[in-house]
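The sequence and model are shown first, and the description follows.

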Amino acid sequence: MIDLDHVSKVYEKGQRAIDSVTLHVDKGEFVFIVGESGSGKSTLIRLLLKELEPTKGTLTVNGKVLNTLRHRQIPNYRRGVGVVFQDFRLLNDRNVYENVAFAQHVIERPNHEIKRRVPETLKLVGLAEKYRSRPSELSGGEQQRVAVARAIVNKPDILLADEPTGNLDPRNSYDIMKLLEEINNQGTTVLVVTHNRELVDKFNKRVITMKRGVIAHDVEEGGYIEA
Ligand code: ADP
Ligand code: MG
């Protein structure tokens, strides 16, 4: 599902963010990526979104070699990869329904499908009743649920989340992580970057620890190791 073969990313000013990382994630896995600030976690996510090009090495995602993907093939590739960020990134002048429907409009789904799929997805994230609310009328936890709904409404094979609970209190953080787990249980491969050790310890998942651009630890089924 996700394969990195000796991938390095050196930023223009010479900052080596990822240093010869080799990594395999199977279809259907749930993986936490932890590590201190600046260890390369977000760079890894951005490489997987093809927002960044690797300096060296090969990335293969969903059967596609990202290195050789043509510009015009990128939108199609990204349809298969949902993404959630710490700061939600919702459209504040649109309501909940429109925020989620927008992702379907972008990929030109027919209206009858949007009308079925958006409420179904809002129900899954527990926001069926709030479909007419604006993001500003929702709690942080609810806003992140909208962002998760938007990320999965097109049924991606992979869901990437970069510190999705970074702005949430412990209760909402736990609920969001449970939601990501449920999405994983339905077959989506999930990668979650987080700083929240307490939360990682509550979920018995594979934990990859990044340290200065390399994988310092890769532990199956639970166990956060201090980098
Ligand atoms: P993390 O998400 O683990 O905090 P990042 O992937 O954001 O780490 O950053 C890894 C390293 O790359 C850091 O040293 C950071 O300063 C550097 N870096 C990140 N983005 C850029 C950029 N756009 N230009 C130059 N250096 C960057
Ligand atoms: Mg980061």
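## Two helix pairs

The crossing of α3 and α5 is right-handed; a crossing counts as right-handed if the near helix is turned clockwise from the far one by less than a right angle, and as left-handed if anticlockwise. The contact is made by Val96, Asn99, Val100 and Ala103 of α3 together with Val146, Ala149 and Arg150 of α5, where contact means heavy atoms within 4.5 Å. By class, this contact has five nonpolar residues, one polar and one charged. Ala, Val, Leu, Ile, Met, Phe, Trp, Tyr, Cys and Pro count as nonpolar, Asp, Glu, Lys and Arg as charged, and the others, Gly among them, as polar. The axes of helix α3 (residues 96-106) and helix α5 (residues 140-152) come within 8 Å and cross at roughly 25°. The two helices are therefore roughly parallel to each other; angles under 35 degrees count as roughly parallel, over 145 as roughly antiparallel, 65 to 115 as roughly perpendicular and the rest as oblique.

Helix α5 also has α6 (residues 170-185) as a partner, and their axes come within 10 Å and cross at roughly 15°. That makes α5 roughly parallel to α6. The crossing of α5 with α6 is right-handed. On the α5 side the contact involves Gly141, Gln144, Arg145, Val148 and Ile152, and on the α6 side Asn172, Asp175, Ile176, Leu179, Leu180 and Ile183. These residues divide into six nonpolar, three polar and two charged.

## Basis of the model and overall form

This is a predicted model, in which local features need pLDDT of at least 70 and side-chain atom pairs count only at pLDDT 80 or more, while totals for chains, interfaces and linings use all residues. Residues are numbered from 1 along each chain as its sequence is written, chains are lettered from A and ligands numbered from 1 in the order in which they are written, and side-chain values use heavy atoms, with hydrogens and water left out.

The chain has seven helices and 10 strands. Helices (H or I, at least four residues) and strands (E, at least two) are DSSP runs, numbered from the N terminus. With 227 residues, a compact globule would have a radius of gyration near 17 Å, and the chain agrees with this at 17 Å; the radius is taken over C-alpha atoms, and the globule rule is 2.2 Å times the number of residues to the power 0.38. Along the principal axes, the C-alpha atoms fill a box of roughly 45 × 40 × 35 Å.

## The four-stranded sheet

Four strands form an open antiparallel sheet in the order β2-β1-β4-β5; two strands pair if DSSP finds at least two bridges between them. Strands β2 (16-25) and β5 (64-65) stand at the edges with a single partner each, so one side of each is left without a neighbour in the sheet.

Six bridges join β1 to the antiparallel β2, with valine 7 opposite valine 21 in β2. These two strands form a hairpin with five residues between them, and glycine 14 in the turn has a positive phi of about 90°. Five bridges join β1 to β4, again antiparallel, and the partner of isoleucine 2 in β4 is valine 61. Strand β4 (residues 56-61) is joined to β5 by two bridges, and threonine 60 stands opposite valine 65 in β5. The hairpin of β4 and β5 has two residues between the strands, and asparagine 62 in its turn has a positive phi of about 55°.

## The six-stranded sheet

Six strands form an open sheet in the order β6-β7-β8-β3-β9-β10, with mixed pairing. Strands β6 (81-85) and β10 (214-219) stand at the edges, each with a single partner strand, so one side of each has no neighbour in the sheet. Neighbouring strands are turned by 15° against each other on average, direction ignored. Strand β9 (residues 206-211) is joined to β10 by five bridges, and the two run antiparallel. Within this pair, lysine 211 has valine 214 of β10 as its bridge partner.

## Helices on the sheets

Helix α1 (residues 41-48) lies across β1 (2-10), β2 and β4, running at about 120° to β1. Axes are lines fitted to C-alpha atoms, for helices over the stretch in contact, and angles run from 0 to 180 degrees between N-to-C directions. Helix α1 also lies across β3 (30-34), β7 (158-162), β8 (189-193) and β9, at about 150° to β7. Helix α6 packs on the sheet as well, touching β3, β7 and β8, and its direction makes about 155° with that of β8.
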